[in-house]
Amino acid sequence: MEDDDAVFKALADPTRRLLLDTLLGRPGASLTELESAVAAEGVAMTRFGVMKHLKVLTEAGLVVTRRDGRRTLHHLNPVPIQIVHDRWITRFTEGPAQVLADLKHTLEDQP
Amino acid sequence: MTTPPPVPAPVRSGDAPLTPAVTTTQVYQVIIRATAEAVWAALVDPDQTSRYFHRARIEVVGDRIVSHGPAGELWTDGAILESDPPHRLVHEWRSLYDPVGALEPASRVTWQLDDRGDGTVLLTAVHDRLEGSPHTASSVSGVGWATVLSGLKTLLETGEPLVR
């Protein structure tokens, strides 16, 4: 599977987006914390269900795990989304941005 | 085992934007089709860093890692805490490019390069020790580091920078 396919597939599910929202506010959350966050949003899901969603997010590179003793900490990794953004947005903005930068230099270099 | 300090729950109201908790550990990761040696070189070669790292010219000077802006101004300066090429580089980070960030204590950046054995490298950047540096934490978080890693991947895989 292409990298971008995995990212879009992972994002195409409201529970997985909820998990990413949670990690944005709680970097390093444990599985138990994520389970509670999902339950707090009224989503009925087993621990195994949360783990399955985390696996999809991890395989897409959107979640990175770290070990802290016996705990597994989960972090949101925004880089795959940035890569998608750069593919369609950054390449469009560099033109206007360069025009403004040139204008600034032209104006500032005038005596 | 010590209990971690309580982390405030994200403020969530409908689809309103969340406030990221930036002063805890930030983790960024990307897979790059290149050798670990090439990725390592790109991290410490000013002619390469200037093409993906917000135009900063980053170089190793003795036991420090130092970066300068396009006009030669000092942007960052930190001690190298650990250097094991081409696997692991740990250094201090001080935001001298920003008058407020410059007053904050040094934070820490850890680069980990893992050869995946299939012609790609898993590059992980961890920015931590940010508890006393909220201004730096928010200036580097999200887009700040993500554009650096995305730009580095593009440069190494295509030979061209993302933004000229």
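The structure on display is a predicted model.

**Stop 1: Chain B as a whole**

Begin by selecting chain B and colouring it by secondary structure. Chain B contains 4 helices and 7 strands. Followed from the N terminus, its elements come in the order β-α-α-β-β-β-β-β-β-α-α. Of the 164 residues in chain B, 35% are buried. Where contacts in chain B link residues at least 6 apart in sequence, 46% of them join residues at least 24 apart.

**Stop 2: The sheet of chain B**

Next, select the strands of chain B. In what order do the 7 strands lie in the sheet? The sheet is open, its pairing is antiparallel, and its order in chain B is S1-S7-S6-S5-S4-S3-S2. Strand S1 (26–32) and S2 of chain B form the edges; each has a single partner strand, so one side of each lacks a neighbour in the sheet. On average, and with direction ignored, neighbouring strands of this sheet are turned by 25 degrees against each other.

Display B:Arg57 and look for its bridge partner, which is B:His68 in S3(B).

**Stop 3: The helices that lie across the sheet**

The crossing of H1(B) past H4(B) is right-handed. Which residues make the contact between H1(B) and H4(B)? On H1(B) they are B:Ala38, B:Val39 and B:Ala42, and on H4(B) they are B:Leu152, B:Leu155 and B:Leu156. By class, the contact of H1(B) with H4(B) has 6 nonpolar residues, no polar and no charged.

**Stop 4: Backbone details in the loops of chain B**

- Select B:Pro85 and B:Pro86: the peptide bond from B:Pro85 to B:Pro86 is cis, with omega near -10 degrees. B:Pro86 belongs to the loop between strand S4 (74–84) and strand S5 (88–93) of chain B.
- Select B:Arg55, in the loop between helix H2 (46–49) and strand S2 (57–61) of chain B. Although B:Arg55 is not a glycine, its phi is positive, at about 70 degrees. B:Arg55 has 16 C-beta neighbours inside 10 Å and so counts as partly exposed.
- Select B:Arg129, in the loop between strand S7 (121–128) and helix H3 (134–140) of chain B. B:Arg129 is not a glycine, yet it has a positive phi of about 55 degrees. Is B:Arg129 buried, exposed or partly exposed? With 16 other C-beta atoms within 10 Å, B:Arg129 is partly exposed.

**Stop 5: Two helices of chain A**

Turn now to chain A and select helix H2 (residues 14–25) and helix H4 (residues 47–59). The axes of these two helices of chain A come within 10 Å and cross at roughly 75 degrees. H2(A) and H4(A) are therefore roughly perpendicular to each other. A:Thr15, A:Arg16 and A:Leu19 of H2(A) make the contact with A:His53, A:Leu54, A:Val56 and A:Leu57 of H4(A). By class, the contact of H2(A) with H4(A) divides into 4 nonpolar, 2 polar and 1 charged residues.

**Stop 6: Where the chains meet**

Finally, show both chains together. Here 20 residues of chain A are in contact with 25 residues of chain B. Which elements of chain A each supply at least two residues of the side that touches chain B? They are H2, strand S1 (63–68) and helix H5 (79–109) of chain A. The side of chain A that touches chain B has 6 nonpolar, 9 polar and 5 charged residues.

Conventions:
Residues are numbered from 1 along each chain as its sequence is written. Chains are lettered from A and ligands numbered from 1 in the order in which they are written. This is a predicted model: local features need pLDDT of at least 70, side-chain atom pairs count only at pLDDT 80 or more; totals for chains, interfaces and linings use all residues. A residue is buried if 20 or more other C-beta atoms lie within 10 Å of its own, exposed if 12 or fewer, and partly exposed in between; C-beta atoms are placed from the backbone. Two residues are in contact if their C-beta atoms, placed from the backbone, lie within 7 Å. Axes are lines fitted to C-alpha atoms, for helices over the stretch in contact, and angles run from 0 to 180 degrees between N-to-C directions. Angles under 35 degrees count as roughly parallel, over 145 as roughly antiparallel, 65 to 115 as roughly perpendicular and the rest as oblique. Ala, Val, Leu, Ile, Met, Phe, Trp, Tyr, Cys and Pro count as nonpolar, Asp, Glu, Lys and Arg as charged, and the others, Gly among them, as polar. Two strands pair if DSSP finds at least two bridges between them. A crossing is left-handed if the near helix is turned anticlockwise from the far one by less than a right angle, and right-handed if clockwise.
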